[in-house]
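Try each task before you read its solution.

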Amino acid sequence: MSSSLRQLSIVFAIALLVAAACGPATTPGASGSAAPSASPTAGGAASTLVIDRDTSDLISLDPAVLYEFSAVFATHNVYETLVKFEGTDLSTIKPSLATSWDIKDAGSTNDITFKLKSGVKFASGNPLTADDVVYSVQRAIKLNKSPAFLFTDIAGLKAESIKATDPTTVVISLPKTASAQAFLAILTFTIGGVVDSKEVKAKETGGDSGSAYLLDHSAGSGPFFVDHWTKNTEVLLKANPNYGGTKPTLSGVLFKHVPEPTNQQFALEKGDIDIANDLGAEQIAALQGKSGVTTTAADSLLLVYVGMNATVKPLDNVNVREALRTAVDYDGIVKDLLKGNVKKVQGIVPKGLAGFNESTPFQADVNKAKSLLQQAGQTAVTLDFLIPAGPAPGGAAWSDIAAKLKSDWAKIGVTVNIKQTTTADLLGTYRAQKGQLVMINWGPDYPDPDANVGPFTDYKAKSIGWRNGWDDPAIAQKGRDAALITDPAKRAAAYKEITDYVLHNGPYVVLYQPSELFGFRSNVKGFNWSAIGWAELASVTK
Amino acid sequence: MRFLGFLTRRIVGIAAVMVGVSIITFAISHVIPADPVAAALGDHATDQQIAAFRAEYQLDRPLPEQYLTYVVGLVHGDLGRSIRTRRPVADDLFDSFPATIELSLAALVVAILVGIPAGVWSAISRGRLPDHLVRVGSLIGGSIPVFWLGLIVIGLFYYQLGWFPGGARIDNFVTPPPSRTGLFVVDSLLAGDLVALRSSLLHLVLPAVTLGYFSTAVIARMTRSSMLEVLGQDYMRTARAKGLQERLVILRHGLRNALIPTVTIIGLTFGSLLSGAVLTETIFSWPGLGRYATAAAVALDFPAVLGVTLLAAIVYPLANLVVDIAYFWLDPRTQRG
């Protein structure tokens, strides 16, 4: 290339860049601004809801594979399930694809017969039949990915446990050891999403049951379908024209991957996004009084707690454990440290689930705590206190909460040595039953009290109870029995008895139930966050 | 011939560096007292799930066997599968590396376009106001933390003034150009998509300035000191005595000679840009290698950490190789060899 030609090409390139930079275009935005003319694929920017959230947890959008928060939120709006919880209520199972269901004792099993709604179509236009339901459940069991244990371990299902008796009837046989109520709750979760078997089978490659295709596509009947997932950048859902329910007013929903809460706050204030999904207490405080913006603290089902290893002396003494619970200034943590963005909850079932126990008997009673220690023959106790690094749910650092607890316990003569480490490292110690005091959080696998009561009380389940060396066969059996009760009132009474017992005898200091903090543009209406981790976006308007 | 021999030696050197880096990274990542399985499966996993996961990722095998399996895979172009994303690491790197390259190159362009003229201006104005301004600017650039600068520029130029976007690679409703190189600016040009080009250029400005400020400062200071040295040389006096215009004396005789040490700094700077991209990418929600590396490290995703480390082990020596080739062009003595 001659030097003049080279210079000419450089000048041309620069001219093109300048022309582009000065040309007609969009108004800049945090993650960009709406520019209706810019993209034909967005389906109308004005009616597309833009949500900023940290989507780094996304692995797949396949309902049989996904088990991550971002994927659960997005795909809940893409796939329909046989039954569902409506809005924010997680205590009443409602019809969805199934118009009715009937539980019958079939001898060795409990059989649940579901009658399907007629006329439902997938986004592809294919009709939804009982064969699709059978295929979806068997597919999840066969793939055996992260959420499969809900079907195989909790519900005890095998591939042959489900069959279609006619195009609109599905029968699922549950072993007698599995809770029918818990199973129905599992069916509301994304693993219960019914996929279009014809479309998925057509996309199978190498016997993968279509999982490569469903990784970033969809084959559901919900109000939206997956338009694209650009990894580390965005997921775009578009309105499903074949959706049989009330049609969404939104033409699409764009989930933008923006991990920094401050960036989310700025973008929300500028009007570049509609919803900020990962705000902390600091951003919520900064948004107060700003025009065009509202905030809310929605429920989550997490519990932040301290586990006390009952195999370690003197934590094997129930009075010592009760003393530690009694000494904590819960109000100080909830109101001062976490700015009221969390709920004071002290039982092992979170608010929002059936079986929630409202009782909060503990609040910084130093004299009573000292007396309990004396009854246990203890005056000075020293323990290791293992905590994770980084921010705790609710907006404060784990280390700040730990410092507050250290100070509270010091008042009754209990000295704790705080050891901060990565969550992975902490879990390694905790799982090996080698912790003394361990602070961490827990969220249920499915929206049923059994998802908390089982792990917290059943030593044999080798979950939280085991990690804290608490082997109480009587309460564990009561938990297992309660799970199998089908009468809601009797079940609630059984869980009240269990949670009351654990409150004073278990090896836990339940500190609080964090909230999910959101910021909205004022024109966003109808966004109701369910504590299980999703919102029904079909009812959202902007 | 001399150059070819040099090139061969450097390529062999890069291979040796990669072997060393892979052994050290592999050893370090597997002896730290933390369990990647706990990070991947979380609090709820059963013993069976943990055992299955260990078997799937061969974490239940002896360490030398794990390394051997890894190296055999590496030779076949297989970097393993990420524990966090469950995808082949090579695919993850392929997705995230272009974003980092685009950002680093943009930062380098900022650093060169601002740093070299600032250094020259400072040198020829020695002791006067422009010199002081450049020196103070360089001092600030050399000492300001990237994350802090990032927050400041977002707060000022996006939040307050609204001049530039605050994050991401492209506007929400602009379709990214069809991927050919993974560099949005280049791909937009290739596709002739001026809307995407404008959007991706605007989105580059703040992160590139943030990332490039430190390098700008270093290049400006190096250019200044080199220029000061060159300005006092006899051949500069000779050039002026021949009656050459001052502009030509400075640019053709002064700058070209002063650039040689600056080029070394630019090469080294490119390496530091890649490491600085970790923070910049986090602040600006830039989906690049830095953010991928951070997420991998937090999740104890060893295959991904190894993949990123090996990639860095190639990029650094390659950047130095480019510097050496630039020497060849800049310094005729090396060509005569």
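The expected span of a helix is 1.5 Å times one less than its number of residues. Keep in mind that this model is predicted.

**Exercise 1.** Find out which span helix α17 of chain A, residues 473–484, should have, and compare it with the distance between its end C-alpha atoms.

Solution. Start with the count: α17(A) has twelve residues. At 1.5 Å a residue, the helix should therefore span 16 Å. Now check the ends: their C-alpha atoms are 17 Å apart, which agrees.

**Exercise 2.** Decide which residues of α17(A) are buried and which exposed residues lie on the face turned away from them.

Solution. A residue counts as buried if 20 or more other C-beta atoms lie within 10 Å of its own C-beta atom. In α17(A), A:I475, A:A476, A:G479, A:A482 and A:A483 are buried. They cover an arc of only 120° around the axis, so they sit on the same side of α17(A). Residues three or four places apart point the same way, because an α-helix has 3.6 residues a turn. The buried residues pack against α5 (180–187), α15 (450–457) and α18 (488–505) of chain A. The face turned away carries the exposed A:P473, A:A474, A:Q477 and A:D481.

**Exercise 3.** Describe how helices α5 (residues 89–124) and α12 (residues 289–298) of chain B pack.

Solution. Take the geometry: the angle is about 130°, and the axes are 7 Å apart. The two helices are therefore oblique to each other. Next, the contacts: B:D92, B:S96, B:F97 and B:T100 in α5(B) meet B:L289, B:G290 and B:Y292 in α12(B). By class, this contact has three nonpolar, three polar and one charged residues.

Technical notes. Residues numbered from 1 in each chain as written. Chains lettered and ligands numbered in written order. Predicted model: local features only at pLDDT ≥ 70, side-chain atom pairs only at ≥ 80, totals over all residues. Helix = DSSP H or I, 4+ residues; strand = E, 2+ residues; numbered from the N terminus. Buried ≥ 20, exposed ≤ 12 C-beta atoms within 10 Å, placed from the backbone. Arc of directions from axis to C-beta. Contact = placed C-beta atoms within 7 Å. Axes fitted to C-alpha atoms, helices over the stretch in contact; angles between N-to-C directions. Parallel < 35°, antiparallel > 145°, perpendicular 65-115°, else oblique. Nonpolar A, V, L, I, M, F, W, Y, C, P; charged D, E, K, R; others polar.
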